[in-house]
Amino acid sequence: MKSKSSNVLFAILALSAGLLVSLFPASSWSAQLETAHRAQPELEAITMMGDETAALPAFELTDHRNQVFNNSRLKDKWSLMFFGYTSCPDVCPTTLNNISHVVHALKDPTVLDAVKVYFVSVDPQRDKPEILASYMNYFNPDFTAVTGDSQMLNVLTSALGVAYKIKKKAETDPVYSVDHSGFVVLINPQGENAGLFFSDPDNVQAVARDLVRLVKGSH
Amino acid sequence: MSRLLLLALLMFPVIAQAELTIDHAWIKNLPPTVPVRAGYMTIVNPAKQAVSIVSFSSDAFSSIDMHETVMKDGMMHMQHVPELTIEAGAKVTLAPGGMHMMMEPVKPTITGEQINITIKLSDGSQQTVIFTVEQ
């Protein structure tokens with residue numbers, strides 16, 4: 001049964017990628033990639049959502065400067081958004097370092113101005129604004145950290161396909177870890193969920209080149 | 001007499017204790033508000049027998065555990081590694097995004113600071129490694 005359906009799929013693929021897109025619009029990953037390649041400049045490291053690009057529901061969080069952080073803050077910029085928590089020893093510092101290197105690689109002031117970086121803490125109980133402020137100052141003072149109550153965080157994470165799980169053993173447990181998605185979300189200047197990538201020291205330059213292509217393409 | 005002693009010493013089988021070759025032992029610095037640090041290093045076991053790292057100790061950390069960052073249910077998850085075995089002649093790298101030492105500092109770390117950490121091995125031996133705190 002499985003091999004039969006994959007044979008059919010192969011035959012369709014061989015016939016036309018365009019036909020595949022029209023037959024399996026949402027269920028096929030390859031169809032999504034196909035759409036992304038048609039709709040966007042050729043990218044190396046960032047996977048674009050293509051036809052799946054979606055507006056975000058209304059959300060309201062607070063940034064590390066105690067300012068309101070809502071949908072309007074995302075307008076007119078390309079935003080990189082990573083979800084984690086400051087008590088994270090490995091993944092979050094590594095990812096923020098990589099993103100910091102991406103930003104340094106942008107160089108062109110126009111492109112730099114068009115790209116914003118957000119660290120969203122999914123651990124609001126420990127990550128108060130002053131803790132987020134010291135965290136951002138350490139990695140890059142131009143980055144913005146945000147958090148908020150769980151309900152609001154969940155509005156944003158659900159819309160972006162981000163998962164997280166607080167691993168507390170007891171309610172009073174002071175030292176706990178949080179499992180969370182490892183990808184970086186890309187939000188377009190319309191404030192829509194537009195793409196994602198996994199950061200890696202090896203793809204810093206490729207992500208930077210992709211951002212240049214996107215920024216130049218959207219002007 | 002002394003020749004006899006030398007002969008006796010040469011004939012006495014030397015009990016080899018494992019000594020790992022450690023390269024680039026470092027700790028990622030983080031702001032004082034962060035209660036944890038990650039330690040990384042490259043370990044080579046030049047011996048003819050496998051050996052395991054069973055624990056760590058240091059005056060600078062209240063706890064040190066071996067963890068591995070793995071993908072679980074689509075999320076990044078820290079998995080406890082109770083014992084790290086390094087096969088004879090093998091190299092194991094602890095690096096960002098993978099295997100790391102998860103440590104709770106007793107006081108804030110400072111970039112450039114050097115911290116001694118003692119590694120306890122499965123053969124009962126131990127060795128002290130100097131870790132450098134890096135930005």
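## A walk through chains A and B

A:Arg213 and A:Asp210 sit 3 residues apart in helix α8 of chain A, about one turn of the helix. That's a handy place to start looking around this predicted model. The two side chains form a salt bridge, with their closest N and O atoms 2.8 Å apart. A:Asp210 is buried, with a relative accessible area of 0%, while A:Arg213 counts as partly exposed at 30%.

A:Arg213 has another partner too: its side chain meets A:Glu44 in a salt bridge of 2.9 Å, N to O. A:Glu44 belongs to the loop between α3 (29-39) and β1 (47-48), and A:Arg213 to helix α8 (204-217), so this pair ties together parts of chain A that are 169 residues apart in sequence. A:Glu44 is partly exposed, with a relative accessible area of 43%.

Elsewhere in chain A, A:Asp113 pairs with A:Lys77 in a salt bridge, 3.4 Å between the closest N and O atoms. Over all chains, the whole structure has 10 salt bridges.

Now step back to chain A as a whole. Its secondary structure comes to 8 helices and 11 strands, and buried residues make up 49% of its 219 residues. Among its contacts with a separation of 6 or more, 68% are between residues 24 or more positions apart.

Follow A:Ile46 and, beyond its neighbours within four places in sequence, you'll find it in contact with A:Asp210 and A:Leu211, among others.

Finally, look at where the chains meet. The contact takes 28 residues from chain B and 27 from chain A. Together the two chains bury about 2000 Å², 64% of it on carbon and sulfur atoms. Between chain B and chain A there are 0 salt bridges, but 7 residue pairs are in polar contact. On the side of chain B that touches chain A, β2, β4, β5 and β8 each supply at least two residues, and β5(B) gives the most, with 4. That side divides into 14 nonpolar, 9 polar and 5 charged residues.

Note on methods:
Residues numbered from 1 in each chain as written. Chains lettered and ligands numbered in written order. Predicted model: local features only at pLDDT ≥ 70, side-chain atom pairs only at ≥ 80, totals over all residues. Heavy atoms only, no water. Contact = heavy atoms within 4.5 Å. Buried area = accessible area lost by both parts, 1.4 Å probe. Salt bridge = Lys/Arg side-chain N within 4 Å of Asp/Glu carboxyl O. Polar contact = N/O pair within 3.5 Å; in protein donor to acceptor, adjacent residues only side chain to side chain. Nonpolar A, V, L, I, M, F, W, Y, C, P; charged D, E, K, R; others polar. Buried < 20%, exposed > 50% of the residue type's maximum accessible area, 1.4 Å probe, protein only.
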